[in-house]
Amino acid sequence: MPETESAAKQSVTSDAATPSQTAADKVADAVSTASVRQAIVRSKEIEEAIDRDPAQFRMLTGARPTGQLHVGHYFGTLRNWVGLQNRGVDTWTLIADYQVITDRDVIGPLKERVYGLLTDYLACGIDPQRTTIFTHSAVPALNQLLVPFLALVTEAELHRNPTVKAELEATGGRALTGLLLTYPVHQAADILFCKANIVPVGQDQLPHLELTRQIASRFDRRFGRADRDTPVFRRPDALLSEAPLILGTDGEKMAKSRGNTIELGFSSDETAKVLKKAKTDADRVITYDPANRPEVSNLLMLAALASERDPHEIAAEIGDGGGGKLKQVVTESINDALAPMRTRRAELAADPSYLESVLKEGNEKANEEADRTLTEVREAMQMVYY
Ligand code: TRP
């Protein structure tokens, strides 16, 4: 998730102005409106069911450890995940480290990034007592599911996957590796090994969920247990969030390389500094008008999300205060909202052995679950020999 440039990152349905078409937008366009509409209806039903009985749900969230989290991630997705955890959903959170070698050649300081992401998660309210946090690479049985799963998909299906196509485009002429081509199958293994039945994703990831359900039912049809009424895998649903699209301080897509992000780990001074440079427009009267005033509206949306208020109301209060006043309001609301997380983040960062123990316990739990699932898979496939 902290990835900035590559495809498939905007988990959004938004009325805010769209920047130039990114690879992610193209994926979203390619995902048929019918399946999106269906997923929205289904997501509403699930939300209601969670209110009634959260314990029937296991949620898997996944993100790649590619950089620091910023306010877009927090207000766009993370806050929602924490909310679901707190409502009593059994939450599993994958730090998708193998995905890092899927879409790039340079791994970068991976260990540091994994711990950075873990620190951000805990600072934002992910509670290791209630959420199992784990990494791909530490769970061998999860990865082993790829072998039978690969037997259940065709090359043509993989080539048609819009996310694979977009990732390929985003990497600018990089050769299509076997891992990138089969990455949706890996993602299916992430979801199926732990028998998650809800996966919060953006529109662009809907084809992965569809493929995951196909793999689950093909497995049961082809290798399934003698007792057809007890399938090995659950059929997971996407949980689409209606997170607003949050742009960078210059009105473009948030990307570290553009220097337009507000990272969760920034100090309040750093936050003030980036916002001081934020782009506004010449009209001193501040109004919330995403179509005609994308930069100003984006700043208002940030303030609104941070203070859980209505952007129109904030605009009315600023009135003819102009860009200066707007920036001051945004800076204050973000700094107020993030202050407790920043304090917590600093405490956590000072305690590496605690962070290690959280990851170790999460990985142990994920391994137990993956081993159990792999045993069921082997039994179904008649591969238990003694
Ligand atoms: N593919 C997702 C992304 O690009 C990350 C991810 C990996 C994921 N495995 C997952 C998301 C399983 C949901 C479920 O961000």
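A nonpolar core is a set of buried Ala, Val, Leu, Ile, Met, Phe, Trp, Tyr and Cys residues joined through side-chain atoms within 4.5 Å. With that in hand, let us walk through this predicted model. The largest such core has 58 residues, and the members that touch the most others are Val 71, Tyr 121, Leu 300, Leu 302 and Ile 334. Helix H14, spanning residues 294–307, gives the most to this core, with nine residues.

Setting aside neighbours within four places in sequence, Ile 334 is in contact with Val 71, Ile 262, Thr 271, Leu 275, Leu 302 and Ala 306. Apart from this core lies another, made of 47 residues that include Phe 134, Leu 158, Cys 194 and Ile 215.

Now for the aromatic rings. Searching the whole structure turns up eight aromatic pairs, and one aromatic cluster is formed by Phe 149, Phe 219, Phe 223 and Phe 233.

Next, the surface. Tyr 98, Ile 101 and Ile 107 make a nonpolar patch of about 230 Å². Within that trio, Ile 101 sits in the loop between helix H4 (97–100) and helix H5 (110–123). Is Ile 101 buried, partly exposed or exposed? Its relative accessible area is 36%, so Ile 101 counts as partly exposed, the class that runs between the 20% and 50% limits.

Our last stop is Pro 340, which is found in helix H16 (residues 322–349). Pro 340 counts as exposed because its relative accessibility is 53%, and the cut-off for that class is over 50%.

Note on methods
Residues numbered from 1 in each chain as written. Predicted model: local features only at pLDDT ≥ 70, side-chain atom pairs only at ≥ 80, totals over all residues. Heavy atoms only, no water. Buried < 20%, exposed > 50% of the residue type's maximum accessible area, 1.4 Å probe, protein only. Helix = DSSP H or I, 4+ residues; strand = E, 2+ residues; numbered from the N terminus. Contact = heavy atoms within 4.5 Å. Patch = residues over 30% accessible without salt bridge, like charges linked within 9 Å, V, L, I, M, F, W, Y side chains within 5 Å. Areas by Shrake-Rupley, 256 points an atom, 1.4 Å probe, with all protein chains shown as cover. Salt bridge = Lys/Arg side-chain N within 4 Å of Asp/Glu carboxyl O. Phe/Tyr/Trp six-rings, centres within 6.5 Å; stacked < 30°, edge-to-face > 60°.
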